Each structure stands twice: as structure tokens, then as C-alpha cells.
Amino acid sequence: MLVAMSRVIIALVLVLCCALTASAVNFQRTIVAISKYTDWGQNIFLRGGHGDESIRIRHEVKTQYPQGFFDQTSEGDLYLGWGGAEETQGRYNRNTVAQGTPMMHTTNDHSFDHTNSSLLGLVGESLWLADLYMDCDQTDNGWFDFKGYMVDLRPGFNSEGWEHYIGETTCNVDGDDVDVPNTGNHHAKCGYFNLGIWNNGQCWAKKLDYQTMLFRSAWSES
């Protein structure tokens with residue numbers, strides 16, 4: 001009897017371990033970048049998903065500013081979706097509510113106090129980045145849609161909000177143009193570095209060669 005119970009327990013443990021391993025494998029490092037010039041106090045959030053469905057994500061990046069906008073609003077952000085803040089998501093200075101998945105500002109303009117370095121060698125004058133682990137099983141064969149949502153924290157300024165309609169019908173994937181459905185959004189691939197331009201239908205996706213590398217200090221928040 002004890003032997004039989006032990007075998008059952010071992011079998012259950014093996015099933016659980018296999019399930020956890022399979023789940024972990026589905027998460028691939030995915031980077032989404034939006035090119036847009038912004039002023040100090042303007043912040044961009046990422047919104048998106050597979051159709052109307054949200055996609056599980058994990059934040060691994062921590063900037064050098066634990067009390068900064070990105071670190072505070074990425075806390076408890078568990079899904080990429082089309083709505084605003086999640087119930088578990090942190091607030092900036094305890095009162096500014098997140099409006100999606102926060103992005104980090106990166107630049108090669110050395111007039112900033114903090115110039116971000118890109119391990120990919122793809123740095124622009126003003127890029128907003130979301131560097132995530134994403135559950136690729138919740139995408140459409142790797143594809144998902146996204147848009148930027150900008151908020152303005154400067155007193156007296158109105159937030160721009162959503163990007164406009166994005167007329168995107170092709171995406172350059174690893175150098176080849178691939179047809180994509182015109183959904184009014186940007187397109188991106190799980191496990192890739194994805195680049196879009198604010199209110200523009202151009203699309204680039206480049207396969208990441210190191211999806212599981214440690215990248216906690218890959219970026220700094222300018």
C-alpha cells in the first residue's frame with residue numbers, strides 16, 4: 001500500500017514538474033520598440049494582445065532607479081492587454097495609475113544624463129522599449145498586435161493617448177517582407193526584437209539569438 005502510494009506521489013510530482021517545465025519553455029524573451037520623440041515627463045505604455053485576448057508576460061528588467069516610473073509601474077504587470085492598469089499593477093508615486101505595460105526610454109543622445117546601451121546594437125535617438133518574457137503559446141503562431149499609448153505627466157499638458165490607425169500590410173522579418181493582416185495595429189513576433197514607428201505602418205522583426213540570457217542590467221532609464 002505504501003509502495004503504491006509512493007508511486008502515485010512520484011508520478012504526480014513528475015507530471016507537475018513536466019508541466020512547469022513546458023510552461024517555462026513557452027516564455028521567450030521578446031522586445032518591442034516604438035520610435036517616437038518625447039519630452040521629459042511624457043511616458044509611453046505598450047498595449048496589445050492576440051486579437052482581444054491578453055498575453056502572459058514577465059518583467060525581468062530592473063533599472064537603476066527603483067523609485068522611477070518604469071520600475072514602479074512594471075511591478076505586478078502580468079499581461080499584455082488592450083486595457084489600462086491591472087489590479088496587481090504598481091502605481092507611480094502611489095497615485096499615478098499605469099495605462100498598460102510600461103516601456104523604457106532609450107537613446108544614443110549623450111546630452112542625456114543617462115544614455116542607454118543596447119545589447120542588440122540597435123539604438124536610436126529616441127526609442128521606447130518593452131523588454132519582456134512572453135508566453136508565445138498565447139500568440140497567433142508567434143504573431144501579436146500592439147499599439148503605443150502615451151501619457152503626459154507635465155502639469156497643464158494633455159496626454160496624447162493612443163496611436164492612430166496603423167495601416168500595416170507587410171513586415172520585414174529577418175530581412176524578408178512578410179504579408180500581415182491590416183488590423184489597424186502594429187504587428188510583432190514573440191521571441192523577436194520588434195520595431196515600429198509611432199503612427200507609421202512600417203514594421204521590422206529580428207529573431208533574438210539569446211532569448212534566455214540574463215538581461216537585468218541591459219538597459220538604464222533615461
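Helices (H or I, at least four residues) and strands (E, at least two) are DSSP runs, numbered from the N terminus. Keep that in mind as you click along.

**Before you start.** This is a predicted model, in which local features need pLDDT of at least 70 and side-chain atom pairs count only at pLDDT 80 or more, while totals for chains, interfaces and linings use all residues. Residues are numbered from 1 along each chain as its sequence is written, and side-chain values use heavy atoms, with hydrogens and water left out.

**Whole chain.** Show everything as a cartoon: the chain has two helices and 14 strands.

**Stop 1: Asp135.** Select Asp135, in strand S7 (residues 127-135). Asp135 counts as buried because its relative accessibility is 1%. Now display its side chain, which makes a polar contact with the side chain of Arg56 at 2.3 Å. A polar contact here is a pair of N or O atoms within 3.5 Å; within protein, one must be able to donate a hydrogen and the other to accept it, and residues adjacent in sequence count only if both atoms are side-chain atoms. A polar atom of the Asp135 side chain also lies 3.1 Å from the backbone nitrogen of Asp137. Leaving aside neighbours within four places in sequence, Asp135 is in contact (heavy atoms within 4.5 Å) with Asn26, Phe27, Ile55, Arg56 and Cys190.

**Stop 2: Cys136 and Cys190.** Cys136 is buried at 15% relative accessibility, and Cys190 is buried at 5%.

**Stop 3: Cys171 and Cys203.** Next, select Cys171 and Cys203, joined by a disulfide with an S to S distance of 1.9 Å. They sit 32 residues apart, Cys171 in strand S10 (residues 170-173) and Cys203 in strand S14 (residues 203-207). With a torsion of about -65°, this disulfide is left-handed. Both Cys171 and Cys203 are buried.

**Last stop: Gln72.** Finish in helix H2 (residues 69-74), where you will find Gln72. Gln72 is buried, at 14% relative accessibility. Beyond its neighbours within four places in sequence, its contacts include Pro66, Gln67, Gly90 and Tyr92.

Notes. Buried means under 20% relative accessible area, exposed over 50%, partly exposed in between (1.4 Å probe, protein chains only). A disulfide is a pair of cysteine sulfur atoms within 2.5 Å.
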